[in-house]
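Hi everyone, thanks for making the time. Let me put the structure up, and then we can walk through it together.

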Amino acid sequence: MSFFAKLLGTAPDPKEELRPLWLWVVSEARNPAWYRECGAVDTVDGRFDMITNILAVAMLRLEQDEQLVPASARLTELFVEDMEGQLRELGFGDPTLGKKMGEMMEAMGGRLGAFRTAFPSGQEATTDAVNRNANLTDDADGQAMARKLIALNNSLSTVSNDALLSGKFGT
């Protein structure tokens, strides 16, 4: 992309290629099964947890292919844009927005690191990661969510790159 195309905004935004995957992440995070069967708390914080859980799984899948690693940065940009918009709708203004976004990015990075380590180690490690990182209902212990996240991770590992980027695949 040339300097003038960037400056004038005439070239397509490269992160738009990831928008279908981002929309899938949000849609999957809204799946009632995460809340009914896995103990996710149906609150603003609980929904944020589910978005970061699903986003982390999607980003780990992108990391499986060296060609898709740069796409994870663009997917993160979409996450930041969306979360910033959501915070503004909730009434956060510029003085506090930066701090809150920093906290959200820290939570996202922590979740990604926790799952990167936990998934290869199995159910117990993933359950521990869920219990440390997610807001769950009082009667949930993280095992059901861990099982479902592991299954999602395994399912995404079989999805082709094109299907993943299109956000159209059966999980």
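Let's start with charge: the protein chain carries 17 positive and 25 negative side chains, with Lys and Arg counted as positive, Asp and Glu as negative, and His and the chain ends left out. The centres of the two sets lie 2 Å apart, placing each charge at NZ of Lys, CZ of Arg, CG of Asp or CD of Glu.

A word on ground rules. This is a predicted model, where local features need pLDDT of at least 70 and side-chain atom pairs count only at pLDDT 80 or more, while totals for chains, interfaces and linings use all residues. Residues are numbered from 1 along each chain as its sequence is written, and side-chain values use heavy atoms, with hydrogens and water left out.

Now the fold. You are looking at nine helices and zero strands; these are DSSP runs numbered from the N terminus, H or I of at least four residues for helices and E of at least two for strands. The radius of gyration of the protein chain is 17 Å, close to the 16 Å that the globule rule gives for 171 residues, so the chain is as compact as a globular protein of that length. That radius is taken over C-alpha atoms, and the rule is 2.2 Å times the number of residues to the power 0.38. Along the principal axes, the C-alpha atoms fill a box of roughly 55 × 40 × 25 Å.

How much of the chain is buried? Buried residues make up 43% of the 171, where buried means under 20% relative accessible area with a 1.4 Å probe, protein chains only.

On to the inside. The largest nonpolar core has 53 residues, and among those touching the most other members are W22, W24, W34 and I54. Such a core is a set of buried Ala, Val, Leu, Ile, Met, Phe, Trp, Tyr and Cys residues joined through side-chain atoms within 4.5 Å. Its largest share, 11 residues, comes from α4.

Take I54: setting aside residues up to four places away in sequence, I54 touches W24, V25, E28, A29, W34, L149 and L152, contact meaning heavy atoms within 4.5 Å.

Finally, M59, which is found in helix α4. M59 is buried, with a relative accessible area of 6%. Beyond its neighbours within four places in sequence, M59 is in contact with S72, L75, T76, M108 and L112. N135, by contrast, is 76 residues from M59 in sequence and 21 Å away in space, C-alpha to C-alpha.

Key
Buried means under 20% relative accessible area, exposed over 50%, partly exposed in between (1.4 Å probe, protein chains only).
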